[in-house]
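Reader: I'm new to this one. Could you walk me through a few of its strands and rings?

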Amino acid sequence: AGDERPDGHVTFRFDEENNFLMAIHVKGLEERCEGCKIRIHSGKSCLESPLSPALWDHQHHRQNPWEHVHYFSADGVSDTATIVSTGMDASDLNGHIVIMQDHYHEPIACGVLQQDGVKSGHVRSLYASISRMEPYELTAVRGEVVVEFFHDSSMLVDFSMMGLPPRCTHCQISIQEGTTCDAQAGSHYFDHENLDHDPWAIAHGAFYNSDEHGVAERSFFVYNGYGYADHMGHVLIVKGPDGSRIACGVLKGRYQDIVDVSDTPTLLNSE
C-alpha cells in the first residue's frame, strides 16, 4: 500500500434467505481502483499475519462466492454496494474481519464486523400505490410498495401486489429516473459515476415472483447511491415476463414516514 489512509464503514444487511447487501462508504483509498477486492475473512483480528482465507460455507457453495466481489473507487472514495451470498447468516459472520485490498492485492484497510448500534433506530420511508400502466390490458395490477431508507442510504424495497401475470419468475421491479408513469419514466435510477453496475438488475435481486393467482409479496435490499429526498416523486416500474412495463407508481411520503427497523439483521465493520 502507498500513502492511503482509508476511513469509513461497510454495512451488511441480511434478507430472509441470508443474502446480504454489502454497502461500502470509505474514503482515503487509492485515487482510482477498479475491480479491487473486498472480503470477509475467517480471522477476527486486523493484526493477524498471514491473512486468513475468505469466509463462506463450503457446503452451501461449491465455488468461492467472493471470487467476483469487488469495489470501485474514484478520487480515493468508494460509495458502492453489491449483493453477496456466503451461505452464512449475521451471527456466523459477526466478529470476523473485513479486508479491502489495493490493485496490487495488498491489504489496505480492515475492520471487525459487529452488531450495528444504529439498527434499533428509525429510518424514513416512501410509498407508491401501484396500478396498471398503459397499454397493458391483460390484468388489473394493483398493490403497494414501501421503500425504507437506512442511515447509510441503502434501501429495503418491500411490496405486495396482485393482478400480476401468473407465475412470473424473476420479473423486474425498479425505480426510474422519471417522475411520470408514461413513456417519460426514463431508465433505471442510480449514481452512474460511483456505481460500476446497475443495482436494479435482476441479478442483484430487484425482482418479484408471482404465484398462480398473480400475487407477489417480497422484499429486497438495494443501494443506488441516492437517499430519501432524492427519490421523492420518482416512479417505480413493474415489468412483465417479456420485459414490458405493466404497472407503475409514484414514490411519495407519508404523514408518518418513520418506521422501526429493530428487526433488521445488520452488521457494521468498525471504522
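This is a predicted model: local features need pLDDT of at least 70, side-chain atom pairs count only at pLDDT 80 or more; totals for chains, interfaces and linings use all residues.

Author: Residues are numbered from 1 along each chain as its sequence is written, and side-chain values use heavy atoms, with hydrogens and water left out.

Reader: Which residue stands opposite V10 in β2?

Author: Strands here are DSSP E runs of at least two residues, and helices H or I runs of at least four, numbered from the N terminus. Strands β1 (residues 7–14) and β2 run antiparallel, joined by eight bridges; pairing takes at least two DSSP bridges. Opposite V10 stands I24.

Reader: How many residues of strand β2 are buried?

Author: Buried means under 20% relative accessible area, exposed over 50%, and partly exposed in between (1.4 Å probe, protein chains only). Strand β2 covers residues 20–27 and is mostly covered. Of its eight residues, the buried ones number seven.

Reader: What kind of aromatic pair do F149 and Y228 form?

Author: Phe, Tyr and Trp rings (six-membered ring for Trp) pair with centres within 6.5 Å; planes under 30 degrees apart are stacked, over 60 edge-to-face, the rest tilted. There are seven aromatic pairs by this rule. With 5.8 Å centre to centre and 90 degrees between the planes, F149 and Y228 are edge-to-face.

Reader: How many residues apart are F149 and Y228?

Author: F149 lies in strand β9 (residues 142–149) and Y228 in helix α2 (residues 228–231). The pair links distant parts of the chain, and the separation in residues is 79.
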